[in-house]
Amino acid sequence: MRYMVIVNNLVKRFKKEKSKEIVEALKGISFKVRKGEIFAIMGPNGAGKTTLLKILSCVIRPDEGEAWINGYHIIKERSKAKASCNLIIGGSWLGLHYAYTVKENLMFFGRLYGIPKEVLLKRIEFATELLDLKNILNKEAIFLSTGEMHKAILAKMLLIKTPVLLLDEPTRSLDPVLANKVRAILTNIISKEYKITILMTSHQAVEVETLADRVAFLNKGKIIACDTPSNLKKKIRKLEKISIKLNRVPSEKLISKIKKLDIEKLNLNDELIEIYTRELEYITPNLIELIKKEDLKIVSLSSERISLEDVFKFLVEGECYESI
């Protein structure tokens, strides 16, 4: 198995200007990202997420430790490592030059990576259509709103097809419709079609669960957990709940069958069945099948599932409880 990103005991320190105090942003973190994987880093503000991406993209150097991008050492083979990744991050000099139009900025970044002009123009046209850039393409960056700026910066991921894409909060400042479109682009085009390995940061638990193959929780400069979203959710004792309202009161026979599924507790209130379980994803299809066999109709169905936010609270704050 080939790893596209390898991080080994990275440490980064900063000195505060006023107090001269030394702050350790990264405290010896290590992880590996497999080829073709979407790997997410979650954590609060100040956890070290953006610092990590800047190190991996060769913008800043670590104080200790090593890292490789596409097999290239970020310090010893800096040029090759830098050419192997595309960093998408909001904010002035790492985003767009304020005096140039959006199109001029995209042309600049594309030519910087050696993309032929004709190919680049076609990719800009494709990005314009997908991200709805038509109205801002000839607008200078200084006059863009925060959302327009971020949308324009994201266009870079459709132009530059490096082996590794580094994304800092990809849907920040975007409206819900465009945010969903960007997630679809990452999954269907960047990952599946372009075969690009993605390392992203995000505050949004739902976004990470939707996109990521694996996720690492970063808190106070340390990785406190790293696994698949489903495995991470198994770390806490909170039960998941499914509520099903039927068109009539279920029979005792049906309730008896449901209780044989992998459930912890069942509440019955006339036509409403409430079930608590640790295996919601697996019992739901069987539950629906049992109801259909009894010739009953589902009027409504809702669920309360464990989220990655629950996991993070558990790992950081020690919250550990039963939801019954």
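Residues are numbered from 1 along each chain as its sequence is written, and side-chain values use heavy atoms, with hydrogens and water left out. Because the model is predicted, local features need pLDDT of at least 70 and side-chain atom pairs count only at pLDDT 80 or more, whereas totals for chains, interfaces and linings use all residues.

**Aromatic rings**

A search of the whole structure finds three aromatic pairs, where rings of Phe, Tyr and Trp (its six-membered ring) pair if their centres lie within 6.5 Å, and planes under 30 degrees apart count as stacked, over 60 as edge-to-face and the rest as tilted.

Phe217 in strand β9 (residues 214–219) and Phe312 in helix α12 (residues 308–317) are 95 residues apart, and their pair links distant parts of the chain; helices (H or I, at least four residues) and strands (E, at least two) are DSSP runs, numbered from the N terminus. Phe31 and Phe39 are buried, and Phe217 and Phe312 are both buried as well, where buried means under 20% relative accessible area, exposed over 50% and partly exposed in between (1.4 Å probe, protein chains only).

**Charges over rings**

Lys156 lies over the face of Phe109, at 4.1 Å from the ring centre, and Lys161 lies over the face of Tyr194, at 4.1 Å from the ring centre; this requires NZ of Lys or CZ of Arg within 6 Å of the ring centre and within 35 degrees of the ring normal.

**Exposed residues**

Tyr98, in the loop between β6 (85–88) and α3 (102–112), counts as exposed because its relative accessibility is 53%. Lys15, in strand β1 (residues 3–15), is exposed with a relative accessible area of 57%.
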